[in-house]
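Visitor: I would like a close look at a single part of this model, and then at how the rest of the chain is put together around it. Please take it step by step.

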Amino acid sequence: MYIEKIHGPQDVKKLNEDELVELADEMRKALIKRASIHMGHVGPDLGFIEPTIALHYVFDSPKDKIVYDISHQTYPHKMLTGRKDAYLYEEHYNDVSAYSNPKESEHDYFEIGHTSVSIDLALGMAKARDLTGKEGNVIAVIGDGSLSGGEALEGLNIAGEFDRNFIIVFNDNQMSIAENHGGMYRSLKALRESNGTASDNLFKAMGLDYIYVQNGNEIHDLIQAFSSVKDSTKPVVVHINTLKGKGLKFAENNKEQWHWHLPFHLDTGEVKPEYQWDGENYSDITANFLLAKMKKDPSVVVVTSGVPGTAGFTPAKRQEAGKQFMDVGIAEQSGVAVASGIAKNGGKPVYFTEATFIQRAYDQIAQDVSINHSPVTILAFDGSIYGMSDVTHVGFYDLAMMSNIPDVVYLAPASKEEYLAMLDWSIEQQEHPVVIRVPAVDVCTADYPVRTYYDKIGKFTVTKQGNRVAIIAPGTFYTMGQEAVQLLSEKYQVNATLINPGFVSHIDEELLEELKKDHQLVAVLEDGVIEGGFSPKIGMYYANSDMKVLAFGLKKAFYDIYDTEALLEENHLTPKHIAEDIMKSCL
């Protein structure tokens, strides 16, 4: 095998073109086998094997800097830069992260998991190269889905007046996670159909030189194209037409489903039984509720930014929703701002995405939505310790980020019934922008009375009345609070009060004042970082009183590829630890 002899880019250069084709075949088989065993990205990597080989054959990494956008497609790059064992041998599958990572290799420069940034990052590196008298090519790799992000277009604009070596490899596979959206994709289609000769050329309009490669999975053509721009003295775009999911028929035929995938059977593509879940999930619950709502009310509009599957909007459900569903492409800023415009002109917008991506639209939430009092509903998925764990995708910083924006009402449902009640109320009310933290755990049902209206902003719900100790347990951590209360009763004979706040942006001052009469301690469970989150709001209220406040949550830090249960144990976020700490504190 050729791949076993590749210890770095220098070994790629030793092979002839026929051997490089064999290398690509070996890499593709290894990636498919790994994907069938180890969950991760599939389509982006399978479609970018040949371009990666050609890049490392022509250029001289790490002297030449290759900066990947999002880094969904970096598995082949890692295979050729000393990390092949993590893709060849099952016992090493967990040795590397899912994204580019400077801690792993000198051939990686940034930890990148969000989109549309590679052009700007690479431009900065090129600028520093020139100012410090260094040499080498700087190459930004970006996909067509990422190009819809505003920062990518800003980067193209800046690059247009750059006057030194700068290369953009534009990987055009006609897909984002789902299909692409936006007017510029008609222009890109015209370029593909005209073999790069169409007059409507976004890149030339930005002042960039341009080369087109019709078969972006043909190593010979790629080597020729990359060789022609190596050491260029002005910015140039190499536009390559590739096939997402190349070599795996399931991924080629269903590109959206196979962007990222759970372990599967190689012969059928079916998810392995141990990873299947036939029960309810909050994505499908969301889509079904919103579809029913849209059918009854034509003013309800659902908006997302390139991740329709996050809220269960499959292609069939998107078609069912028709014009009441809007995907703005990977452009969170635009999604939130468009939603504000819809709300201001009589519509009822629901915007959704992953909590980790919402931070890119912070300014729009603060300015275009909150200052303007637009009643937009925002659904934040995976905003929890139980959500995604890659450092670039962790979503539990959302509370500190959004719950402190004036006028934003942030809700944390603890059950399916409460979630649907909050969602229905939010869509119909016209007073506030509302963010709902969609539960990131298995669907559970309420064993407490569920409110249908949340007009009394900040009003908490006492689900069990006790004394001496009160536990405030919002959202996903409500069940943990229940178990801690039960343990306090059974082991320590403490009859604790349990509170489901519902709100994590506001506090119930009336209830907190009432607790002073017969409670000594209030414990707050924080599903995320304590600093700037929900628990400090409780702590500040009691700052000038005798009430003790214990906050259970995470320290402010970046967390990467963590074991959820271990992280909870380490931070005393278990019923056992909560009960013990309460007893040690004051009882």
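Where is serine 97 found?

Guide: This is a predicted model. Serine 97 sits in the loop between helix 6 (85–88) and helix 7 (118–131). Its relative accessible area is 9%, and since buried means under 20%, serine 97 is buried. Apart from neighbours within four places in sequence, serine 97 is in contact with Lys78, Tyr87, Glu104 and Ile561.

The setting is a protein chain with 24 helices and 18 strands. The radius of gyration of the protein chain is 26 Å, close to the 25 Å that the globule rule gives for 587 residues, so the chain is as compact as a globular protein of that length. The C-alpha trace spans about 80 × 55 × 55 Å along its principal axes. Of the 587 residues, 58% are buried. Among contacts with a separation of 6 or more, 77% are between residues 24 or more positions apart.

Next, the helix packing. Helix 4 (residues 49–58) packs against helix 11 (residues 219–229) at an angle of about 45 degrees, and their axes are 9 Å apart. The two helices are therefore oblique to each other, and the crossing is right-handed. On the helix 4 side the contact is made by Glu50, Pro51, Ile53, Ala54, Leu55, Tyr57 and Val58, and on the helix 11 side by Ile219, Leu222, Ile223, Phe226 and Ser227. By class, this contact has 10 nonpolar residues, one polar and one charged.

Helix 4 also packs with helix 2 (residues 17–37), at an angle of about 130 degrees and with the axes 10 Å apart. That angle makes helix 2 oblique to helix 4. This crossing, too, is right-handed. Helix 2 contributes Leu20, Leu23, Ala24, Met27, Arg28 and Leu31, while helix 4 contributes Ile49, Glu50, Ile53 and Tyr57. The contact of helix 2 with helix 4 has eight nonpolar residues, no polar ones and two charged ones.

Some backbone details lie in loops. Most residues other than glycine have a negative phi, and most peptide bonds are trans. Serine 61 and proline 62 are joined by a cis peptide bond, with omega about 10 degrees. Proline 62 is in the loop between helix 4 and strand 2 (65–68).

Aspartate 231 is not a glycine, yet its phi is positive, about 65 degrees. Aspartate 231 is placed in the loop between helix 11 and strand 6 (235–241), and is exposed at a relative accessible area of 54%. Asparagine 195 likewise has a positive phi, near 55 degrees. Asparagine 195 lies in the loop between helix 9 (184–193) and helix 10 (202–205), and counts as partly exposed at 47% relative accessibility.

How values were computed. Residues numbered from 1 in each chain as written. Predicted model: local features only at pLDDT ≥ 70, side-chain atom pairs only at ≥ 80, totals over all residues. Heavy atoms only, no water. Axes fitted to C-alpha atoms, helices over the stretch in contact; angles between N-to-C directions. Helix = DSSP H or I, 4+ residues; strand = E, 2+ residues; numbered from the N terminus. Parallel < 35°, antiparallel > 145°, perpendicular 65-115°, else oblique. Left-handed = near helix turned anticlockwise from the far one by under 90°. Contact = heavy atoms within 4.5 Å. Nonpolar A, V, L, I, M, F, W, Y, C, P; charged D, E, K, R; others polar. Rg over C-alpha atoms; globule rule 2.2 N^0.38 Å. Buried < 20%, exposed > 50% of the residue type's maximum accessible area, 1.4 Å probe, protein only.
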